[in-house]
Amino acid sequence: MTALMPIYPNRLPISFTRGDGVWLFDEKNTAYLDALSGIAVCGLGHAHPAVTKTLCDQAEKLLHTSNTYHVPEQVPLADTLARLSGMDEVFYANSGAEANEAALKLARLYAHQRGIDRPLLITMEKSFHGRTMGTLSASGSARLQQGFEPLLEGFVHIPFNDLSALKRVIATQSDRIIGIMLEPIQGDGGIREVNADFFEAIRYYCDEHDWLLIADEIQTGLGRTGAWFAYQHYGILPDIVTVAKTLGNGFPIGAYLTRGKANGLFTVGKHGSTFAGSPLGCAVALTVLETLEKQSLVAHAQQMGTQLMQTLQEKLGQHPRIVALRGKGLMIGIELDRPCRELPKIGLQHRLLFNVVSDRTIRLLPALILQEEHLDLIVSRLTAAINELE
């Protein structure tokens, strides 16, 4: 017996003892090609020397003081995030869910400043924004919400990329709407990318009505899609952006970024965090961003993603079980014609790590340091696993 709560009863029957780049090694020192990278977290791969050095150096100096005092490491990280994103102001969280929770609070504050007592935020069906009560309510997944009712009020979910549905909600409830929140590419929803006309319409309506456009870039941000942020592919600038995952390369840290009318909403006492923006977390995150820039890994992710998609098309495009190949950069989904939740376990036999979302979509999120030599390995091992699926 163990005191560990059974929240993950279906863990894959393996544990890892060390990592090196795109590889993970089990207790027998068997190497597995990691095409999931901690669910888009370890963008620089495992045991990256620059991250390791920063962790050790900063840990020798100072781990934590709290936001009661100035934390010098927060400033260059905020300046770098603002420069890369096109946003104005930055503050920190401990996770993606906390960053999104802060974004929801910002939207509520903005609404009350405008005299809207019961504001509505439009979000998308099949979206995933986190597991706190606020972010769970914002998410468009009945499967995840079941058992936690009553959910928080103030959210209306519409089908992703459905412009007619967006217009209908606006036509009937524009007096209560305060903003629109979306993932530019839905991760848990099956690697589904926002249509350009839908995204442009969202920006138009937010400008027209003075609403907030909130981009959840927890999974898509910081190079994953071949741009620093996925919204940059569309030439659209949100009002609030949330980031996490890749930001710490395994160290838990998130951030929320604002511009224009979203600036200055959090005043003294309106928000806070004991651990967010620690010297250690900010030092690590700044090292991650500096490494991504110095090694041109965002452009590299675009190149590797294009080649990986081409190889997948060549090897799997005509496979009888493949319905669709989707994605951008190194965020790729392979939809099958049947549920395939057991496929990652089969993948272990071929020493390839990935996961499945929306019951039938394989999700590939390899590290941004992926090299050409790994592409054929991913595709050949994945093909072998799919061929064994009953």
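Predicted model: local features only at pLDDT ≥ 70, side-chain atom pairs only at ≥ 80, totals over all residues.
## Burial and the model

A residue is called buried here when its relative accessible area is under 20%, exposed when over 50%, and partly exposed in between (1.4 Å probe, protein chains only).

Residues are numbered from 1 along each chain as its sequence is written, and side-chain values use heavy atoms, with hydrogens and water left out.

## Salt bridges

Let's turn to the charged side chains. A salt bridge here is a side-chain nitrogen of Lys or Arg within 4 Å of a carboxyl oxygen of Asp or Glu, and the whole structure holds twelve of them.

Arg326 has Glu335 as a salt-bridge partner, with 2.7 Å between the closest N and O atoms. Glu335 is buried too, as its relative accessible area is 14%. Glu335 also forms a salt bridge with Arg192, where the closest N and O atoms are 3.7 Å apart. That pair links distant parts of the chain, since Arg192 is in strand 9 and Glu335 in strand 14 (residues 331-336), 143 residues apart. Arg192 counts as partly exposed, at 30% relative accessibility.

Another salt bridge joins the side chains of Asp188 and Arg143 (3.3 Å, N to O). Here too distant parts of the chain are linked: Asp188 lies in the loop between strand 8 (185-186) and strand 9 (192-193), Arg143 in helix 6 (residues 142-145), and the two are 45 residues apart. Asp188 is partly exposed, at 22% relative accessibility. Finally, a network of salt bridges links Arg203, Asp207, Asp239 and Arg259.

## A four-stranded sheet

Strands of a sheet pair through backbone hydrogen bonds, either parallel or antiparallel. Two strands count as paired if DSSP finds at least two bridges between them. In this model, four strands make an open sheet in the order 1-2-3-15, with mixed pairing. Strand 1 and strand 15 (352-353) stand at the edges, each with a single partner strand, so one side of each has no neighbour in the sheet.

Strand 2 (residues 23-26) and strand 3 (residues 31-34) pair in the antiparallel sense over three bridges, and Trp23 stands opposite Leu33 in strand 3. Helix 12 (residues 372-387) lies across strand 2, strand 3 and strand 15, running at about 100° to strand 3. Such angles run from 0 to 180 degrees between N-to-C directions, with axes as lines fitted to C-alpha atoms, for helices over the stretch in contact.

## Around Gly154

Gly154 sits in the loop between helix 6 and strand 6 (155-158) and is buried, with a relative accessible area of 13%. Leaving aside residues up to four places away in sequence, Gly154 touches Arg108, Pro119, Leu120 and Leu121, where contact means heavy atoms within 4.5 Å. The C-alpha atoms of Gly154 and Gly134 are separated by 9.9 Å, with the two residues 20 apart along the chain.
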